[in-house]
Amino acid sequence: MSRPVRRRPRTGAALAAVVTAAVVVLAACSSGHARSQSVGGSAAGPSRQGGTLRYALFYSPTCLDPQQAGEGPDLGVVESLTAQNPNTGAVVASLAASWEVRGDATSFTFHLRPNVTFSDGSALTSTVVAQNLNAIRRLGATASHAGAYLAALTSVDTPDPRTVTITFNRPNAQFLQATATPALAIESAASLARPAGERCAGKIVGTGPFVVDSYTPNQQIVIKRRAGYAWAPSSAGHQGPARLDQVRIAIVTNETTRTGSLLSHQFDVISNVTPQDEPRVRAGGFSVLSRTDPGVVLSLWPNEKRPTLANRDIRVAISRAIDRQDIIATLYTPQYKPATSVLSSTTPGYTDLGRDLARDPASARALLDAAGWKPGPDGIRVRGGQRLTLDVIFGLPRSLELIQQQLHAVGVDLRLRQLSISELQAQFAAGNYDFFLGNSARADPDVLRTLFAGFTITGASADPLTAALNGQAASVDTAVRNRDAAIAQRLLVTDAHDIPITELAEVVAASDKVHDLRFNANASLNFYDAWLS
Amino acid sequence: MTAFAMAREARRPRHPAGGVRPRRRGAGLHGLARRFVQVVFVVWAAFTGAFLALYRMPSDPVTLMLAQRSGGPNVVVDPAQEAALRVEYGFDQPLWRQYGTLLGRALRGDLGTSVQTGQPVRELLTDALPQTAQLTAAALLVAMPLGMAVPIASAHSRRRRIRGMLDALPAAGVSIPSFWLGILLLQALSFHWALLPATGNAGLRSLVLPAITLGLPAAAVIAQVLGRGLRSDLGSAYVELARARGASQSRIVFRHVLRNAALPALTVAGLLVANLFGGAVIVETVFARAGLGQVTVAAVTNEDLPVLLGLVVLAAMIYAVLSLLVEALYPLLDPRVRRDSGEVSRRTSGTRTQEAA
């Protein structure tokens with residue numbers, strides 16, 4: 001799962017750092033007992049029931065209804081037909097106990113688990129599931145992800161109260177994983193009847209182990225344990241009701257406040273620990289947990305409609321000039337990894353292409369020389385009186401200054417064009433850029449198809465790439481899907497249709513009281529197994 | 001406006017053509033109606049000005065919302081989805097028609113819905129206003145006594161060094177950035193000594209640190225204005241006269257000088273309340289308090305036009321009401337305003353000397 005604006009080092013942070021230094025006299029007095037903590041929980045003995053977990057979230061979610069917004073935190077209020085095991089990527093039973101998929105991936109039949117109820121007392125039936133899918137389609141444009149997941153849907157049939165069949169007019173293998181995402185979560189009929197705005201404001205009713213107790217926008221979300229919950233998916237760490245009585249999620253956007261509040265035990269867990277705060281948090285005896293975001297890693301997407309970048313050798317030269325290890329070492333912490341493919345290592349279907357992405361400035365120079373771009377008087381390459389100047393458009397700068405230096409070393413002048421998000425999308429749609437800095441989160445290889453279908457792919461790899469992307473979308477066999485996904489990744493990397501940079505991660509810090517805090521497959525935090533000692 | 005500019009403004013003699021002016025007795029109802037029309041005009045002008053500024057901007061709340069909901073600034077948004085939403089929110093309509101629709105709705109008290117959250121704007125604002133009003137009131141409770149105590153103490157002090165130190169305090173206070181002050185207070189009183197909670201809106205204890213952060217710079221402004229008034233008046237002829245007649249220093253300060261010097265300080269305090277609402281943006285972010293400041297930050301970041309428009313209208317209403325209040329307080333505090341009943345106020349240093357005599 002991805003988040004909205006992530007706060008990275010900026011002037012505010014610099015000021016905060018100065019302030020922190022100014023009061024270091026105070027801080028230095030606080031005890032620095034270092035403890036190593038097992039979040040697996042086994043070291044802390046048997047799990048304990050009860051208590052309130054205090055969690056500081058770094059942004060204010062705009063909508064708590066996962067059907068409408070994919071960005072909210074996982075509150076454990078709603079569940080989906082299936083669940084995805086974060087370790088294996090396998091889709092496992094959740095609200096659906098079992099399912100069958102037609103061989104051509106056009107029809108999916110789910111058999112619902114019996115005796116599942118929503119927290120408003122109503123029962124989970126195939127009718128409610130059908131109502132949900134229709135409601136998501138009716139949400140239309142406001143449902144950010146769901147539209148893509150349900151594209152080409154033709155019918156939802158409910159032959160009996162516990163069976164639901166969903167049919168598409170073309171192969172849609174990704175749909176199985178889509179049923180595990182919060183975007184296709186199942187809400188009660190009464191919940192669906194509410195206006196979209198009310199549901200955004202927390203009026204959602206699901207089958208999950210928690211219920212929304214209260215929500216104050218920009219301030220806090222309180223979720224309470226639901227007694228009688230007894231249908232956790234097999235990917236969960238335990239069965240039965242949640243262990244925590246309550247989770248208080250406070251919205252704390254300022255990172256200095258967040259870190260300070262954790263260190264002074266005003267919170268048990270905080271989200272989005274910045275790389276520069278990580279050492280402080282560790283020194284304070286807190287553990288740092290992280291999970292790599294699934295999907296397409298942070299990448300430079302070349303605009304191949306531009307003549308310079310339609311040349312494969314130029315793109316490959318730029319990819320080889322980038323030192324991905326150096327970016328991690330300089331700007332990040334070991335919680336983040338250099339990209340080793342287009343997909344991140346936690347994405348099902350990922351294949352390791354690290355060797356193709358190693359830094360090789362000599363070969364980068366050779367490729368540029370061969371393409372006729374010779375070093376000019378200021379080191380920047382020139383051809384026919386034209387300098388090798390390329391721009392990159394982005395909403396949030398990430399490691400770009402460093403990449404700029406690395407490219408400068410081989411004679412490429414990278415211009416950084418930071419734009420507002422709306423301007424960014426307009427420039428992107430108009431094709432008015434050389435590179436777009438982007439990423440796309442999803443724990444399924446189909447993310448490659450939905451993303452790269454929108455790009456112009458030139459050269460010999462265009463057709464095989466389309467074939468591979470359609471191949472993985474049309475097969476229900478994981479081996480076939482992974483094989484096709486691997487072919488697609490290899491084509492994208494070797495011909496540099498995507499220049500991968502960094503695997504982004506969700507980094508949280510927790511006190512040693514917190515145990516069994518886990519991440520979902522979409523890298524969102526899961527409170528179901530968590531307990532406090 | 002800087003503190004000095006505000007002080008200058010407050011000390012200027014009032015003219016009938018503008019600014020605060022004495023009300024005619026007997027013209028109360030008529031005057032009230034006229035003031036009401038003025039308030040309505042100010043709010044309408046703010047609405048229209050904000051609409052023109054915001055809706056003509058190349059902003060795009062719809063794209064922002066879609067990008068936000070599908071994972072942040074570095075994603076690609078589906079143009080078809082974007083266009084469909086633009087129609088839904090009426091952003092595809094010509095500007096004049098959007099203005100007509102919005103104004104018509106606003107007259108019925110409906111400020112539209114937030115693009116980001118889908119919540120009614122009015123609800124968003126009325127939920128946040130009490131929180132920020134509470135914070136502003138608490139900040140004023142810090143600012144007023146402190147802002148008055150420092151210059152009064154300085155006026156009483158016979159030692160030059162102490163007086164110099166007290167006089168330097170407001171200048172230092174004005175130059176403290178509230179972000180820095182907030183973090184400093186947090187580090188000391190919440191993170192290190194754990195005396196007060198760092199975040200949240202629960203209970204009075206959570207109000208202490210934000211109120212000090214917001215109130216201290218305001219206290220400094222009041223102290224500057226009041227201190228200036230006290231210092232200049234303490235050297236004037238009527239004080240010499242009072243001193244020659246054997247009045248004690250505290251009698252001179254409290255009976256004579258303070259009443260003269262308090263008037264500009266109170267005007268400034270009125271303006272400060274409005275400024276405190278602005279200051280809440282930073283303070284609420286640092287202390288993670290819900291309120292208008294947080295709503296503003298979110299609306300600006302997301303270019304949420306309906307919410308921004310609502311905020312501007314609310315701000316205009318707050319300013320209008322505050323200036324009415326300050327004006328209503330004048331006759332209570334200054335007998336000359338009461339007595340004048342329509343004539344031009346004769347507030348010059350000459351009259352002051354006469355009065356004191």
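Contact here means heavy atoms within 4.5 Å. The model is predicted.

Me: How many residues of domain 1 of chain A are in contact with domain 2 of chain A?
Reply: Chain A is divided into domain 1 (12-29 + 294-504) and domain 2 (65-206). Domain 2 contributes 15 residues to the contact. On the side of domain 1 of chain A, the number is 12.

Me: What distance separates the centres of domain 1 and domain 2 of chain A?
Reply: The centres are taken over C-alpha atoms. The separation of their centres is 33 Å.

Me: Which are the edge strands of the open sheet of seven strands in chain A?
Reply: The order is E8-E9-E10-E1-E11-E22-E12, with mixed pairing. An edge strand here pairs on one side only. That holds for strand E8 (210-216) and strand E12 (287-292) of chain A.

Me: What is the bridge partner of Trp99(A) in E5(A)?
Reply: Strand E4 (residues 96-101) and strand E5 (residues 107-112) of chain A run antiparallel. Five bridges join them. In E5(A), the partner of Trp99(A) is Phe110(A).

Me: Which residue takes a positive phi in the hairpin of E4(A) and E5(A)?
Reply: Five residues lie between the strands of this hairpin. One residue there has a positive phi near 60°. The residue is Ala105(A).

Me: Why do H17(A) and H18(A) count as roughly antiparallel?
Reply: Helix H17 (residues 462-474) and helix H18 (residues 478-494) of chain A have axes that come within 8 Å. An angle over 145 degrees counts as roughly antiparallel. H17(A) and H18(A) are therefore roughly antiparallel, given a crossing angle of roughly 150°.

Me: How many nonpolar residues are in the contact of H17(A) with H18(A)?
Reply: H17(A) brings Pro464(A), Leu465(A), Ala468(A), Leu469(A), Gly471(A) and Gln472(A). H18(A) brings Arg481(A), Asp484(A), Ala485(A), Ile487(A), Ala488(A), Leu491(A) and Leu492(A). Two residues of the contact are polar and two are charged. The nonpolar count is nine.

Me: Is the crossing of H17(A) and H18(A) left-handed or right-handed?
Reply: The axes of H17(A) and H18(A) cross at roughly 150°. The way H17(A) passes H18(A) is left-handed.

Me: Is the crossing of H10(B) and H11(B) left-handed or right-handed?
Reply: In chain B, the axes of helix H10 (residues 237-244) and helix H11 (residues 249-286) come within 10 Å. They cross at roughly 155°, which makes H10(B) roughly antiparallel to H11(B). The crossing is right-handed.

Me: How many charged residues are in the contact of H10(B) with H11(B)?
Reply: H10(B) supplies Tyr238(B), Val239(B), Ala242(B) and Arg243(B). H11(B) supplies Gln249(B), Ile252(B), His256(B), Val257(B) and Asn260(B). Five residues of the contact are nonpolar and three are polar. The charged count is one.

Me: At roughly what angle do the axes of H7(B) and H9(B) cross?
Reply: The axes of helix H7 (residues 160-174) and helix H9 (residues 205-234) of chain B come within 8 Å. H7(B) passes H9(B) in a left-handed crossing. Their contact has seven nonpolar, two polar and two charged residues. The angle is roughly 145°.

Definitions and conventions: Residues numbered from 1 in each chain as written. Chains lettered and ligands numbered in written order. Predicted model: local features only at pLDDT ≥ 70, side-chain atom pairs only at ≥ 80, totals over all residues. Heavy atoms only, no water. Axes fitted to C-alpha atoms, helices over the stretch in contact; angles between N-to-C directions. Helix = DSSP H or I, 4+ residues; strand = E, 2+ residues; numbered from the N terminus. Parallel < 35°, antiparallel > 145°, perpendicular 65-115°, else oblique. Left-handed = near helix turned anticlockwise from the far one by under 90°. Nonpolar A, V, L, I, M, F, W, Y, C, P; charged D, E, K, R; others polar. Pairing = 2+ DSSP bridges. Domains from an automatic or database assignment.
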